[in-house]
Amino acid sequence: MTDHAERPLLFLDVDGPLLPFGEDPQRAPRGTTPDWRLARLTSEVGSRLAALPCELVWATTWEEEANVEIAPRIGLPRLPVVSWPEPTDQHKREDQWFGLCWKTRTLVNWAGGRPFAWVDDEITDVDREWVSVHHSGRALLHHVESYRGLADEDFAVLDQWFRAF
């Protein structure tokens, strides 16, 4: 892929993948100061994300605040941000009935047929099935454990998937 517009997308959630929360049942409780989670962000994570052969996009309720608070802490430039439209009543009912993550429809629409990977702690098999039916491009929906965040094995999966193009 030589054209930047043809690069696959990587939709990034913040809470969970980049800012782990909750308790690992095998560890002691974490800090409780207001900034303890932000203090865990490192430039290593940003470097690893930037090294992936894709276009990074914030897919988080942080929205533009991710560019203000997260990107500079991990050494990333300002990234595109997915805006979350108010879902229709019909989509709300369908999504609740089937157990679809509230982000899934919007991300498929935002991708517009482009290949994409999505890292989030809310992804389930229902989302994977829905995307496989409603998205014309390749997609990798990668669940990240919220208590540990992105780890070496997650980066390996993403790198392998993106380099398969």
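The following legends describe close-up views of a predicted model.

Local features in this model need pLDDT of at least 70, side-chain atom pairs count only at pLDDT 80 or more, and totals for chains, interfaces and linings use all residues. Residues are numbered from 1 along each chain as its sequence is written, and side-chain values use heavy atoms, with hydrogens and water left out.

**View 1. Crossing of helices α4 and α5.** Helix α4 (residues 104-111) and helix α5 (residues 125-134) have axes that come within 10 Å and cross at roughly 35 degrees. Helices are DSSP runs (H or I, at least four residues) and strands likewise (E, at least two), numbered from the N terminus. Axes are lines fitted to C-alpha atoms, for helices over the stretch in contact, with angles from 0 to 180 degrees between N-to-C directions. T104, R105 and V108 of α4 meet D127, W130, V131 and H134 of α5; contact means heavy atoms within 4.5 Å.

**View 2. The largest nonpolar core.** Such a core is a set of buried Ala, Val, Leu, Ile, Met, Phe, Trp, Tyr and Cys residues joined through side-chain atoms within 4.5 Å. Buried means under 20% relative accessible area, exposed over 50%, and partly exposed in between (1.4 Å probe, protein chains only). Among the 28 residues of this core, L10, L49, W58 and I70 touch the most other members. Strand β1 (9-12) and helix α2 (65-74) are among the elements that give two or more residues to the core.

**View 3. A separate core and the cysteines.** Another core, of 17 residues, lies apart from the largest one and includes F11, C101, A111 and W118. C101 counts as buried because its relative accessibility is 6%, and C54 because its value is 5%.
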